[in-house]
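Here is a walk through a structure, one stop at a time. Keep the viewer open as you read.

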Amino acid sequence: RAWKLSEQQKEFRDTARKFAREEIIPAAPHYDKTGEFPVPLIKRAWELGLMNSHIPEHCGGLGLGIFDACLITEELAYGCTGVQTAIEANSLGQMPVIIAGNNDQQKKYLGRMSEEPLMCAYCVTEPGAGSDVAGIKTRAEKKGNEYIINGQKMWITNGGAANWYFLLARTDPDPKAPANKAFTGFIIDADTPGVQPGRKEINMGQRCSDTRGITFEDVRVPKENVLIGEGAGFKVAMGAFDKTRPPVAAGATGLAQRALDEATKYALERKTFGKVLAHHQAVSFILAEMAMKVELARMAYQRAAWEVDEGRRNTYFASIAKAFAGDIANQVASDAVQVFGGNGFNSEYPVEKLMRDAKIYQIYEGTAQIQRIIIAREHLAKYTV
Amino acid sequence: MSARVLVGVKRVIDYAVKIRVKPDKTGVVTDGVKHSMNPFCEIAIEEAVRLKEKKLIKEVIAVSCGPQQSQETIRTALAMGADRGIHVDVSGKDYENLGPLQVSKILAALAKKEDVRLIILGKQAIDDDCNQTGQMTAALLDWPQGTFASQVDFQEDSLKVEREIDGGLETIKIKMPAVVTADLRLNEPRYATLPNIMKAKKKKIDTVKPSDLGVDLSSQLEVLSVEEPSQRQAGVKVETVEDLIKKLRDSGRI
């Protein structure tokens, strides 16, 4: 199993941890307040090799497995999940190209990520369709050697900062066409005429992450930028998730670990009724349950990551990890605020931010409900012939 | 410049760890405790790597004396840019007795064996705070030393070393071969980036025994006991200056 880390994994994790604790943590409150995109932190993460870990070696990347990526992600998330989401969104945008891109596409769009600190984005969700990916309305019409894209995307992470997008659009206008034939995946340069990012959205948490609506108006995309072929888009878009859900679970775990550490430190300092909080059983039980959840979330994402790195289909484990980690991150962050009491509710203390940041983990990368649909399906499939 | 630089890197308990004394008072708890490279050794490696990047020296050799785990510390040095490593295998009772005298004998032997022009060490280790190894190594080799260096300027056959001393800053010129010990403000050590961690795996670490170097590890020192500093006693509040003076008199302080 994967419980014992290799030397290299420990070194990777230590570099990520040092960066998170020494550089992300001091700057995070500022970026949370202003909502500014954390350019200096992203540039540093890129310099240290902490970004774009999945990019294959032939494109100048490290070609790391999902397990290694998860270790790094957890450490960065411990520092700030807003910063970490901006970094993780790169992996999500790149994943379709990594799993389905041809050599030229990979060299062109992944290669550039290793040469400069660029961002990219995964453009699937729309104002009217999030969980129901098959309900997206953005359309792509073939005209000669190009496709003309028209539509509206929403909640696109890195929407305003991206150099290119992975976009999913409907190429088969027939409403009866099945999902696995009706959609196509495209790579679109952000400076293509007609691509119009909307305003930066102000969200509850992970506020420095850049989230926007994007309008595509008569955007012309060469056919060379189609991934695999017309009609293959749904599978490509969904296939990315088996590899990106474990790191998202790792991010939620990093947040939960931070909440646990902050709450524990506080509970060992704050005195009430003659002793420190931690020596009151009610509080120590809260901390114990927080610890249980954090350890289990970690084991869950590690299993999901290990399975896919071993070459096996990990959908079941990836969904379990993401669902569980998202849920416990919210519980643990809320518990941390509780341990801090009145101080926890206040912006001078670090835990209220964790509660605001945690919520999105039950929503993006497949909602808590969608994960349950997937887990039930995978689970029941084992019992039926 | 074809010079080789030897840098000593010590594996110590990580600076952020809360130290606990063993109940039998023979030392501190090290089992399961996070260890890392001594911060002053990181500064030493950083200086050596910068000299190499400026093409002033040819090769950086990282050395660590200790058990198998010392190789992790050498790996970190390689990930920071050292070219190769030497692990001097010392374990058990020998490791417990390993102090500046023994290490300086080892470094002196290695310096001769590897034909080294410059030795850079941290000024002291954060576990024993000895601040002796650099000085002893220089003495054993009969080389000049520039200790507590906050700046080092390489000049053909000599070094200009700016040293932090009690009175301020002292600048000296010493001929090479020489020993330099790094102080806090010499530089800001780089991170081990992920690509460099991966490249470091291909770099060589040789293992040698102190006996291979003809070094005698016997120690003249015996640790009698290790104890925590005494707990701070609670203070007493007084209402007036007269009370304060009375209390100080009564307890014999004045």
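How many residues apart in helix H12 of chain A are Glu352(A) and Arg356(A), and what separation along the helix does that give? They sit four residues apart, so about one helical turn separates them. Helices here are DSSP runs of H or I with at least four residues, strands are runs of E with at least two, and both are numbered from the N terminus. The side chains of Glu352(A) and Arg356(A) meet in a salt bridge, 2.7 Å from N to O; the term means a side-chain nitrogen of Lys or Arg within 4 Å of a carboxyl oxygen of Asp or Glu. Glu352(A) is buried at a relative accessible area of 17%, while Arg356(A) is partly exposed at 21%. For those words, buried is under 20% relative accessible area, exposed is over 50%, and partly exposed is in between (1.4 Å probe, protein chains only).

Some ground rules: this is a predicted model, in which local features need pLDDT of at least 70 and side-chain atom pairs count only at pLDDT 80 or more, while totals for chains, interfaces and linings use all residues. Residues are numbered from 1 along each chain as its sequence is written, chains are lettered from A and ligands numbered from 1 in the order in which they are written, and side-chain values use heavy atoms, with hydrogens and water left out.

Back in chain A, go on to the loop between helix H12 (351-358) and helix H13 (368-381), where you'll find Glu365(A). An unreviewed UniProt entry annotates Glu365(A) as "active site"; such annotations may be inferred rather than shown by experiment. Glu365(A) is buried, with a relative accessible area of 11%. Beyond its neighbours within four places in sequence, its contacts (heavy atoms within 4.5 Å) include Leu92(A), Phe241(A), Arg245(A) and Lys322(A). Thr244(A) is another of its partners, and the side chains of Glu365(A) and Thr244(A) are joined by a polar contact of 3.1 Å. That term covers a pair of N or O atoms within 3.5 Å; within protein, one must be able to donate a hydrogen and the other to accept it, and residues adjacent in sequence count only if both atoms are side-chain atoms.

Now for the place where the chains meet. Chain A and chain B bury about 1400 Å² between them, 63% of it on carbon and sulfur atoms; this is the accessible area (1.4 Å probe) that the two parts lose on being put together, summed over both. Chain A puts 18 residues into the contact and chain B 13 residues. The interface has zero salt bridges, but four residue pairs are in polar contact across it, both residues at pLDDT 80 or more. On the chain A side, the largest share, 10 residues, comes from H1(A).

Chain B itself has seven helices and 11 strands, and its C-alpha trace spans about 75 × 40 × 40 Å along the principal axes. Of its 254 residues, 45% are buried. Helix H7 (residues 241-250) of chain B has zero of its 10 residues buried, so it lies largely in the open. Elsewhere in chain B, Asp89(B) forms a salt bridge with Lys209(B), the closest N and O atoms being 3.9 Å apart. That pair links distant parts of the chain, 120 residues apart.
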